[in-house]
Amino acid sequence: MIIYVLEELHEDKLKDLEKKAEQARELVIKTLLEAGSGHSAGPLGMADIFTAFYFHILKHDPKNPEWEDRDRLILSNGHICPIRYVSMAQAGYLPIEELQTLRKINSRLQGHPHRTALPGLETTSGPLGEGIGQAIGIALAAKLDKKDYYTYVITGDGELDEGNIWESVMFAGKNKINNLIMIIDRNNIQIDGFTEDVMPLEPLQTKFEAFGWHVLESDGHNIKQFVDAINQAHAIFEKPTVIIAHTIPGYGVDFMEKDFHWHGKPPNKEEAKKALDELRTLKGQIESEHK
Amino acid sequence: MLNPNLKLNEKLFDADVETAPTRAGFGTGLLELGEINPNVVALSADLTESTQAHKFAEKFPERFFQSGIGEQNMATIAAGLAESGKIAFISSYATFSPGKNWETLRTTAVYNEANVKIAGHHSGIMTGPDGATHQATEDIAITRCWPKMHVYVPCDAIEARKATIASIHINTPVYLRYTRDKTPLITTENTPFKVGKLQTFWVNENPKVTIFATGYMLYYALLAAKELEEEKLQVNVVNVATIKPLDEEGILEATRISQADVTVEDHQVEGGMGSAIAELLAKTTPLPIEFIGLQNTFAESGTPTELIEKYGMDTKAIKQAVKRVIRRK
């Protein structure tokens, strides 16, 4: 298997990526406001990682989404698709104006991503826990076809409650699927509250190691650090790799950043609920999901 | 009489008629597919030999994937392989696949339009001693309701091999229903098989009733027809090997001549092949119809013969249904 090390991330390129991520966050908010519904916390929290993928990490061609040697990016927690659509639009897979059609009838931008609706999506997702398995199938096909592309799969952290996730994790560990790299959006929240209150996930690193995976951690908002983690993952041959990416849900949204801190002293239940509601509805301007 | 054009097994009614399990047809069909098409891959959830996928697994180990007892994972991996241009066969007991992994298949195979073929084994109460938890009796209902789904239920091991091979002629999901025990060979290698086309296996000039049967139960329907003939009561018997897409023309044609139907399947009467036919008739030419199958109940452990008799699905029950439907004409 060929390792490929990504092109070096120079200062100017890094600054450019950071700017694109900011733009992405703005576009996410505009898109959601236009749609009137949709998920906000995850997309905003993952803007840096998606920017890093579409503008640095992925070997891909927006004008040729079927290019057989492309890297595959699988989104398992499909509900954060607004950020994916935004990054894809920025990259040229679709016109920026089309973002205004999110969740509307006859749109290619379905509320949860549908593979056949928009070239470049790779899979259909929404119901949680189904992305890793698909990513495994795609990674296995790469080996069968003697292809060098990487298959990346992004999952949520609450999503790890689903049992079928662990079926896939076991399988990947057993079969040492080294061309598979998983990224967990570790933002500590799920619908009913903190992950560690609803269904504790820690010790997460230990769990994955027990299943035969190599584990890396990264600040999900530090693009340079994240790219380093990807490079390290590329160099691991004996196992699949998971990058636990720590993110702040709603990152970059002023009123969130000002009112509410997710690291350090945790907010109490009341504060948490209020802030989450505010975030989920963008301060009452869109319909809350799952109310 | 047996339809001479279909080259059926002339020894069908012998006491020592040749038998084979339809899952054997899957095993040989899958192996053949592996030989002719390098894109065919197969997965099993710890039931490789029981579902007869082992022949493929032994010959093509690099194209066979073991998911362990994880049917949802098996489904999503298959979807991923299919998304990458493979034709992915998944094989398990029908209660687990498409049972346990129903939503996973819905999202990642059916809605996703991924080329996944679902082999559901141990279908029907004829699964026997394992009992109701392992007897798939709602699997036709939960798959035929999927948009654009194909559902094939072969009547014997020979037809099972043909159906397995035919399943790759479309690029979208197919559900293939197989059974565990040996059942009589009704067809021969020379019997034509066409997806989506009914065939009348027992023909008469003036049938009072048309019996539509699917799967191995076709044998019981044919036995009933033969016995009824000796009682001077003419019926036709039709093999419904493709439940979806339903051969609507074929059904209307087969029904026109008798104006009364009995449907026969090893499945709940609610939602199975009988329901599919009733839906069509209700839209076009409503007429009396009797449903043989499980009547709103699960079965239990037992031998196939005991169970089919206890649950009102044997030759005697079929004949009674024929007489009942005639009274309703």
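Select domain 1 and domain 2 of chain B: in this predicted model their C-alpha centres lie 25 Å apart. Domain 1 covers 19–184 and domain 2 covers 192–327. Show the residues where the two touch; the contact takes 32 residues from domain 1 of chain B and 32 residues from domain 2 of chain B.

Stay on the domain 1 side. Helix 6 (139–144), strand 6 (150–152), helix 7 (157–166) and strand 8 (182–184) of chain B are the elements that give two or more residues to this side. Helix 7 of chain B has the largest share, with 4 residues. Coloured by class, the domain 1 side that touches domain 2 shows 15 nonpolar, 9 polar and 8 charged residues.

Next, pick B:K148, in the loop between helix 6 and strand 6 of chain B. B:K148 is not a glycine, yet its phi is positive, about 60 degrees. Is B:K148 buried or exposed? B:K148 counts as exposed because it has 12 C-beta neighbours inside 10 Å, and the limit for exposed is 12 or fewer.

Move to B:Q259, in the loop between helix 9 and strand 13 (261–268) of chain B. B:Q259 also has a positive phi without being a glycine, here about 65 degrees. B:Q259 has 15 C-beta neighbours inside 10 Å, so it counts as partly exposed.

One more loop in chain B holds a backbone feature. Select B:K244 and B:P245: the peptide bond from B:K244 to B:P245 is cis, with omega near -5 degrees. B:P245 is in the loop between strand 12 (242–244) and helix 9 (248–256) of chain B.

Now turn to the largest nonpolar core, which has 177 residues. Which residues of this core touch the most other members? They are B:A78, B:I211 and B:A221. Helix 8 (residues 217–230) of chain B contributes the largest share of the core, 9 residues. Both domain 1 and domain 2 of chain B supply at least three residues each to this core.

Centre the view on B:I211. Leaving out residues up to four places away in sequence, B:I211 touches B:A221, B:A225, B:V235, B:N236, B:V237, B:V238, B:V262, B:V264, B:I318 and B:V322.

Switch to chain A, which has 11 helices and 7 strands. Of its 291 residues, 49% are buried. Among contacts in chain A with a separation of 6 or more, 76% are between residues 24 or more positions apart.

Select helix 5 (residues 131–144) and helix 6 (residues 163–174) of chain A. Their axes come within 8 Å and cross at roughly 30 degrees, which means that helix 5 of chain A is roughly parallel to helix 6 of chain A. Helix 5 of chain A makes the contact through A:I132, A:G133 and A:I136, and helix 6 of chain A through A:N164, A:I165, A:S168, A:V169, A:F171 and A:A172. This contact has 6 nonpolar, 3 polar and no charged residues.

In the contact between the chains, 22 residues of chain A meet 24 residues of chain B. Helix 5 and helix 6 of chain A each supply at least two residues of the chain A side, and helix 5 of chain A gives the most, 9 residues. The chain A side divides into 9 nonpolar, 9 polar and 4 charged residues.

For the last stop, select A:E202 and A:P203, which are joined by a cis peptide bond with omega about 5 degrees. A:P203 is in the loop between helix 7 (195–198) and helix 8 (204–210) of chain A.

How values were computed. Residues are numbered from 1 along each chain as its sequence is written. Chains are lettered from A and ligands numbered from 1 in the order in which they are written. This is a predicted model: local features need pLDDT of at least 70, side-chain atom pairs count only at pLDDT 80 or more; totals for chains, interfaces and linings use all residues. A nonpolar core is a set of buried Ala, Val, Leu, Ile, Met, Phe, Trp, Tyr and Cys residues joined through C-beta atoms within 7 Å. A residue is buried if 20 or more other C-beta atoms lie within 10 Å of its own, exposed if 12 or fewer, and partly exposed in between; C-beta atoms are placed from the backbone. Domain bounds come from an automatic or database domain assignment. Two residues are in contact if their C-beta atoms, placed from the backbone, lie within 7 Å. Axes are lines fitted to C-alpha atoms, for helices over the stretch in contact, and angles run from 0 to 180 degrees between N-to-C directions. Angles under 35 degrees count as roughly parallel, over 145 as roughly antiparallel, 65 to 115 as roughly perpendicular and the rest as oblique. Ala, Val, Leu, Ile, Met, Phe, Trp, Tyr, Cys and Pro count as nonpolar, Asp, Glu, Lys and Arg as charged, and the others, Gly among them, as polar.
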